[in-house]
Structures are given as structure tokens and as C-alpha cells.
Amino acid sequence: MHTMTIGDRIAELRLRRKLTQEELAERADISVDVIRKLEQGRRTSARLTTINALASALDTEPGYLLGQPVTFEVGDNQEDGLPSVLALREAVSPVADLLGGDADPEDPPTIAALRAALRSTETIRREGRMGEIGLLLPPLIRDARAAVHASTGADRAAANSVLAVAYQVAATTLAGLGKEDAAFTAMERSLAAIRSCDDPGLETMAASTLAWVLTRQGRLADAQRIALARAEKIEPGFRSSPQELALWGILLLRAATAAVRQEKHGTVTDLMRMAKGAAESMGEDRLVYATPFGPTNAGIANVNFLVEMEKADEAIAAARTIPNLRSLPPTWRARFHVDRALAYNDLGKDRLAGRALLLAETDAPEWMRYHSTSRRLVEELWGRASRPDTELVGLAARLGLAG
């Protein structure tokens, strides 16, 4: 059975909009040769800058063109229930908010229990265990909402803090499944909870998460503007704490991600210079609201931006200098190895690209199955190899790309 490729999706939308390849190329401001090769299957991948330009020209989300997975997979450790996108949507946007409903007959959990559940969910997210997130998030959101409604004073503020973060985890999860509009709704809910919470740093993290959701929607200018506006409000000084430096640096990296996909390379360079300065001032990476920042994370972000700017040689050289990679969570390490694979692929070093992908899978195997860039790259390497090695064939099979 034929699986739709990125070229198939481009051709489908182009024809639906009655555009020629030349007209689409003009709208997207890219070479018509790129469109031809994609539609003919002579190319199976494209730069994210190209994907975003095509998505904008075709009035769709980048995730659609990339063939983003749209539902949870069923893992071997999910005997007690199945992760459900619908259940997560219902938790984020319950009908009871519109129509009213009966009160929850159970007593809400304590604040300590809510915080423990949130910590567990954040750990699972950092490890890329998407199916478990799909199981745990809906009840966590419902419990936090119940605690908010049943509490007053400091307990209510604390419950709102948990709820705000849970909504942000829901937003990143939904965006990862190509449900960007639902992710935006989750962020609206998070920002509403933040207005009544007891943690001022959550507003900064919400700006970072919202910028990421907008980036996934292809709204790159909006993403950059939101991240930079919040960064300007909290710009640190000589006496700033490591957490304040980290929050500022995280926002700069979010803005740089949007900038690089708009091919604003000068802006990316300026933002990276400031982010590296903040990271060096910290001395080491630390987790801030489950997100790492410091010299290591700034270094791998720089590798990602070099890959996006088609500077493969520089990306490989920079990758060799990353300090203390094992200090980062598994999904961050996996993303780094995928960037290495992309750089090696650009240099025509297929064997090294394959080895980097296998390292990414070792760090975050379930995350790989949801990561569209990884899947496209495996397909590309497998498709052009005259005799694919057994490890690459095995990886393709584990990602569901080989029969």
C-alpha cells in the first residue's frame, strides 16, 4: 500500500488550490526545482524553512506536510488503558465549562499529591514516553481543576500553578501530534490559570511554550515576537539568579528557532550570542520547570541552527565540542543526534547519519516514532541505499516504515 509522501501532500494541496508548480514556487519564494523533485519523489525531505514557506503558501500547517503522527501509539506497558487524543481534548476543553455539570463526587487530591503527579508526568515527558503522557495527563488536569474549584487562598493558588503547567504539557503533547489548534486552546487555559497562581516564573515558561506552539502552526513572526517581548521584560542583570538567566536564555532560543525558520540568520546569530552569554554565566545546565538550560543545551541549540542554515561542516565541528551531553534529558540528546544525522546526510555520509539516528533511538525510542524529521530521514537513507545495512532496516521497521 502506498504511503503518502511529503511530495504527495504538496501536490494534493497545490492541485486543490489550482496552482501550477511555478505559481506555488512564486508564492513560497522557493525554487520550482525543489517542488518538482519533491512531487516526483526524487527528494523525500526538505529544510524546515522550505516546509514553512510551502505550508504558508498552501494554507496548511507544517505538520501536515511532514506527515506528523496524529494519534497515540499503543505500547506494551499500557495494559490498564489506552492513551487517547480525545480524552486529552476533553480534559483541556470540557463541555461542563459551557453547559455546567454535577460536582465531582470524589474529594480533590491534596496539593502535595498534585505536585507529585506533575513531577512524574514531567519526567515521563522528558523521556519521550508519549503513550504514558496520554494516559496520565487527562486525570491530572481534571484533578487539578477539581482542587482549584474546591480550594481557597494559598491552596487555590498552588492548585492553579499545577494546572497551568499541566496545560502546558498538554499543549506540547497536542502540538507533537499535529493538533496545534487544540494546543493553542491548552495555552489559553494555562495563561488563565497563571493569573491566579503563586509562581511568577510560570508566565515566562508559558510564553516559551506558546512560542513553540505558534512555531508548529507556522506562525513564525508571532512566535518570535512573543518570545522576544517576554525576554525584554525579564532581561537579567549582574545580580540575576541562575533561574532568571535560564528563563531568559530559554526565551532567546525559542525566538531563534522561529527566526532560523524565517531565514533571518543575522538575528539567529545575535540571539545565540546572548543565549551563550547567559549559559556561560550559569556555569552548568539546570532544569527550570522541566526544561534544561545552560552551556550544554545552548551548544546543541547552536548545532540545530547551523544545520537549519545549511552549514553542515560547522554543525559537525560544533557537535564535537558539546560539553557534558549526558546531563541533558533523553529527548534533548535524541534531538541532538538527529541534527548530527541531518548534517551527515547533507555531507553525503550516509553511514554516519545512520549511526547518529541509532544513537537517537537509544536515548528516546518512543519519541523517535513520533518525530517526523527522524522518520523522513530514515526513509531517505533507506530508500537510496543499494544495500541497506541490517541496523537501518531494523530501525525502519521499529518506526513502522518497513513491512
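R326 is exposed, with a relative accessible area of 60%; exposed stands for over 50%, buried for under 20% and partly exposed for in between (1.4 Å probe, protein chains only). Before the exercises, some ground rules: this is a predicted model, where local features need pLDDT of at least 70, side-chain atom pairs count only at pLDDT 80 or more, and totals for chains, interfaces and linings use all residues. Residues are numbered from 1 along each chain as its sequence is written, and side-chain values use heavy atoms, leaving out hydrogens and water.

**Exercise 1.** Find the salt-bridge partner of R326 and say where the two residues sit.

*Solution.* 
- Step 1: look for a side-chain nitrogen of Lys or Arg within 4 Å of a carboxyl oxygen of Asp or Glu, which is what a salt bridge is here. R326 pairs with D363, with 3.4 Å between the closest N and O atoms.
- Step 2: R326 is in the loop between α17 (312-319) and α18 (330-346), and D363 is in helix α19 (residues 350-363), so the pair links distant parts of the chain, 37 residues apart. Helices (H or I, at least four residues) and strands (E, at least two) are DSSP runs, numbered from the N terminus.
- Step 3: check D363's accessibility. At 14%, D363 counts as buried.

**Exercise 2.** Work out which helices the R230 and E203 salt bridge ties together.

*Solution.* 
- Step 1: the N to O distance between the two side chains is 3.7 Å.
- Step 2: R230 belongs to helix α13 (residues 220-233) and E203 to helix α12 (residues 201-217), so the bridge ties together parts 27 residues apart in sequence.
- Step 3: R230 is buried at 14% relative accessibility, while E203 is partly exposed at 37%.

**Exercise 3.** Decide how the buried residues of helix α15 are arranged around its axis.

*Solution.* 
- Step 1: α15 (residues 265-282) has 18 residues and spans 26 Å from first C-alpha to last, close to the expected 26 Å (1.5 Å times one less than the number of residues).
- Step 2: list the buried ones: V268, L271, M272, A275, A278, A279 and M282.
- Step 3: the buried residues pack against α13, α14 (242-260), β1 (286-288), β2 (291-293) and α16 (295-308), contact being heavy atoms within 4.5 Å.

Conventions. The arc is that of the directions from the helix axis to the C-beta atoms.
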